[in-house]
Amino acid sequence: MIRRSRIAVGLALVCFFALQAGADPQNKRRIFIVSSYHCDYLWSQSTQQGLSEAMLQYGYLDSLSQVGLCGPENGVESSRMIAKKAWMDTKRINSSFDIAITTERILKEIQEFQPDLVMLGDDNAANYIGNQLLDTNIPVVFWGINGLPLKYGLIDSMDKPGHNVTGIWQAGYYKEGLQLLKRLVPLAKTFAILSCDSVSARPNIKQLQALDKQGKLPLKLVDVVKTNSFEEFKQRTLELEPKVDAFFVLNHDTMHDSEGKHVDMLEVGRWYLENIQKPEASHEDQFVREGMLMTANDSGYNQAYAAFEIAYDILEQGLNPGLIRTRTPAHGPYLVNTQRAEKLGIDLTRFRSIIDEFITESKALE
């Protein structure tokens with residue numbers, strides 16, 4: 001099983017600071033949050049915002065000013081909560097050895113913290129940390145699992161998890177994204193997938209392939225690039241560009257150069273945006289902010305916000321996580337990057353009624 005074969009990662013999520021002096025910690029909820037990734041990652045910033053605003057909405061933060069800089073020892077104490085977070089950083093540090101060390105360290109931190117509830121952000125945290133907490137007396141809520149969360153053995157079924165774990169998963173909204181691309185570029189008929197080979201990307205690829213096989217996509221899937229070699233990614237993308245009408249750009253954040261050094265997602269994105277002249281869809285807002293053309297957003301903000309709603313019900317309403325069905329939020333806004341549209345010669349004037357939000361930045365090109 002996947003959950004037994006790899007040991008993941010280290011440091012958790014939620015960037016908090018500003019401890020409030022003089023508060024009595026005895027009656028406060030203790031929440032430990034683990035993120036699979038690192039603080040500067042665009043998806044992490046989106047989930048952080050959703051989690052923080054949910055905590056504020058439900059009275060667990062006194063103000064958003066309590067959300068501070070990211071770091072390995074971040075935490076926050078409010079009038080109602082003591083939270084601690086850890087970041088696993090598995091996009092950049094993901095060998096089996098590193099994951100094992102990180103997992104052991106975080107489990108020790110959880111034991112010492114003695115939380116009332118643990119929140120796990122994304123696949124690696126859910127898999128490696130979640131399976132160590134399965135069937136303990138600590139309620140666990142995850143978010144951001146790509147595809148159905150049954151794959152990690154944390155739940156018995158989607159509607160009745162059956163254990164101490166439940167949460168929020170990502171549907172992807174690939175069909176909706178390609179439908180929007182088809183409206184923007186009516187002549188597009190074929191596409192290829194561009195992706196790294198990671199625990200986050202593989203389920204996305206499988207779901208796109210399944211939708212294509214079922215005939216549910218408006219464009220025909222021609223080929224898939226799945227690699228952690230940046231050189232191979234560049235070569236195969238350039239070879240495919242004249243053969244397809246569009247791309248679906250998935251995660252590209254675990255690539256390495258010819259010397260084995262990690263290549264930052266924005267560096268991969270910069271190469272792509274400077275060298276490829278075909279339109280692309282993506283599945284998350286982070287890629288449109290990076291500079292890709294558009295998405296039917298599977299929002300990180302929505303993922304974390306919805307996860308804290310479940311956490312609140314467990315902590316304050318006494319609900320049993322084993323009886324709380326897992327769910328996926330509706331997709332967020334349709335986003336289009338105006339810089340990319342202009343470069344590709346796409347006139348957005350007549351599409352303003354169907355586009356929810358225009359992104360005017362391209363972080364990969366800054």
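Predicted model: local features only at pLDDT ≥ 70, side-chain atom pairs only at ≥ 80, totals over all residues.
Axes here are lines fitted to C-alpha atoms, for helices over the stretch in contact, and angles run from 0 to 180 degrees between N-to-C directions. Helices (H or I, at least four residues) and strands (E, at least two) are DSSP runs, numbered from the N terminus.

Which residues make the contact? From α5 come Y174, K175 and L178, and from α6 come N204, Q207, L208 and L211. Contact means heavy atoms within 4.5 Å.

## Two nonpolar cores

The largest nonpolar core has 29 residues, and L184, F191 and L208 have the most contacts inside it. Such a core is a set of buried Ala, Val, Leu, Ile, Met, Phe, Trp, Tyr and Cys residues joined through side-chain atoms within 4.5 Å. Helix α5 gives the largest share of this core, five residues. Setting aside neighbours within four places in sequence, L208 is in contact with Y174, L178, F191, I193, L217, F248 and L250.

A second, separate core has 28 residues, including F32, V34, A126 and V140. In soluble globular proteins, nonpolar side chains tend to be buried together.

## The open sheet

Let's turn to the strands. Six of them form an open sheet in the order β2-β3-β1-β4-β5-β6, with mixed pairing. At the edges are β2 (75–77) and β6 (165–170), each pairing on one side only. Two strands pair if DSSP finds at least two bridges between them. Strands β1 (residues 29–35) and β3 (residues 81–87) pair in the parallel sense over seven bridges, and S35 stands opposite W87 in β3. Helix α4 (residues 123–133) lies across β1, β4 (117–121) and β5 (140–146), running at about 150 degrees to β4.

## A look at V140

V140 sits in strand β5. Is this residue buried or exposed? V140 counts as buried because its relative accessibility is 1%; buried means under 20% relative accessible area (1.4 Å probe, protein chains only). V140 and V118 are 22 residues apart in sequence and 4.9 Å apart in space, C-alpha to C-alpha.

## Reading the numbers

Residues are numbered from 1 along each chain as its sequence is written, and side-chain values use heavy atoms, leaving out hydrogens and water. Local features need pLDDT of at least 70 and side-chain atom pairs count only at pLDDT 80 or more, while totals for chains, interfaces and linings use all residues.

Conventions
Buried < 20%, exposed > 50% of the residue type's maximum accessible area, 1.4 Å probe, protein only.
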